[in-house]
Amino acid sequence: KQWYQAEYGRTGGAGGGKNKRGERGSELVVTVPIGTIVGCQQSQKPLAELEEEDELFVAARGGRGGRGNRAISGQLSYGRDRYHCREKEDGEEGQLAQLYLEMKIIADIGLVGLPNAGKSSLLRAISGAKPKVASYPFTTLRPHVGVIHYDGYFRVRMADIPGLIEGSSLGHGLGFSFLRHIDRCKSLLYVVDMSNTDCEPIETIRILEKELEAYKAGMTENIVGIVANKIDLLHGPGKIVEIAKAFPQYPVMPISALEQRNIIAVRNVLEPFKYLFAHHSENDMELHDL
């Protein structure tokens, strides 16, 4: 829903005799998840961060009510050709605000890769999310979030981040709008297309590292592993071994998201994070298609 109005803009009621006040106009409260950022759509500047339960932010105030004859008795107003006593005055218009809402943290794990690396396919294979999957670049234009379930009602939230390209940190492609989503994930996984002949896997990872660091220094410190996708199109493990040697600090998970091969490897690498992120409520809200 994009337009909210308090009971279709119902105004307050008229006052009655015996000094009675008029009925107050209605209020509208929009419930949002903890960690929501409220910002001005026009200036694109944040106005508030709702970080605690039941925290309120007044987005738009109703207009001040008009005064009745008791409050303004004795005041005179010039009419057509004589002075007369005013009996009432009209109330003021309420405020109209154009705002945006976004989650400060949308996921525990963000999938980072070039277009068509198979991030959406991996999210489909490992969770209940249903992002669009196609064979052309930039299939994903906004993040999709799925939930990986573990025993004990623990869960890890994973986001499919729209694909980066070289120069994203300079605004090339849809760079800035995509990179800001990465900044809203607690940790990151590289997803690499092992079948890409135009950009070798190690070169791909170097590009991703460069773009993340250019956007925000220290962002690569959030990387927790490398997913080597599309192994069904490989002839031998040679490229996987090369990645493991070039980046010994990361676990390398060879998978085929399309064929759902070795998805358990990704689950196993992420399982320790279930204690760190501690989403274990049976009623915890699941996020899809943010």
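Buried, in this talk, means under 20% relative accessible area; exposed means over 50%, and partly exposed is in between, with a 1.4 Å probe and protein chains only. By that rule glutamate 209 counts as buried, because its relative accessibility is 17%.

Quick ground rules. This is a predicted model, where local features need pLDDT of at least 70, side-chain atom pairs count only at pLDDT 80 or more, and totals for chains, interfaces and linings use all residues. Residues are numbered from 1 along each chain as its sequence is written, and side-chain values use heavy atoms, with hydrogens and water left out.

Start with helix H4. Helices are DSSP runs of H or I with at least four residues, strands are runs of E with at least two, and both are numbered from the N terminus. H4 covers residues 201–215. For the 15 residues of H4 that gives 21 Å, and the end C-alpha atoms are 21 Å apart, so the two agree.

Which residues of H4 are buried? They are Pro201, Thr204, Ile205, Ile207, Leu208, Glu209, Glu211 and Leu212.

Now salt bridges. The rule is a side-chain nitrogen of Lys or Arg within 4 Å of a carboxyl oxygen of Asp or Glu. How many salt bridges does the rule give? The count is six. I will show three of the pairs. As background, side chains of opposite charge can pair when their charged atoms come close.

Pair one sits in H4. Glutamate 209 and arginine 206 meet in a salt bridge, 3.5 Å from N to O. The two are three residues apart in the helix, so about one helical turn separates them. Arginine 206 is partly exposed at 45%.

Pair two is lysine 216 with aspartate 183, and their closest N and O atoms are 3.2 Å apart. This pair links distant parts of the chain, 33 residues apart. Lysine 216 is in the loop between H4 and strand S10 (223–229). Aspartate 183 is in the loop between helix H3 (175–182) and strand S9 (185–193). Lysine 216 is partly exposed, with a relative accessible area of 40%. Aspartate 183 is partly exposed too, at 31%.

Buried or exposed, where does aspartate 193 fall? Aspartate 193 is buried, because its relative accessible area is 13%. Lysine 230 is partly exposed at 22%.

Next, backbone angles. Most residues other than glycine have a negative phi. Tyrosine 153 has a positive phi, near 65 degrees. Tyrosine 153 lies in the loop between strand S7 (144–150) and strand S8 (154–160), and counts as partly exposed at 49%. Asparagine 262 also has a positive phi, near 65 degrees. Its place is the loop between strand S11 (252–254) and helix H6 (263–270). Asparagine 262 is partly exposed at 34%.

That leaves leucine 99. This residue is found in strand S5 (residues 99–103). Leucine 99 is partly exposed, with a relative accessible area of 31%.

Notes: Expected span 1.5 Å × (residues − 1).
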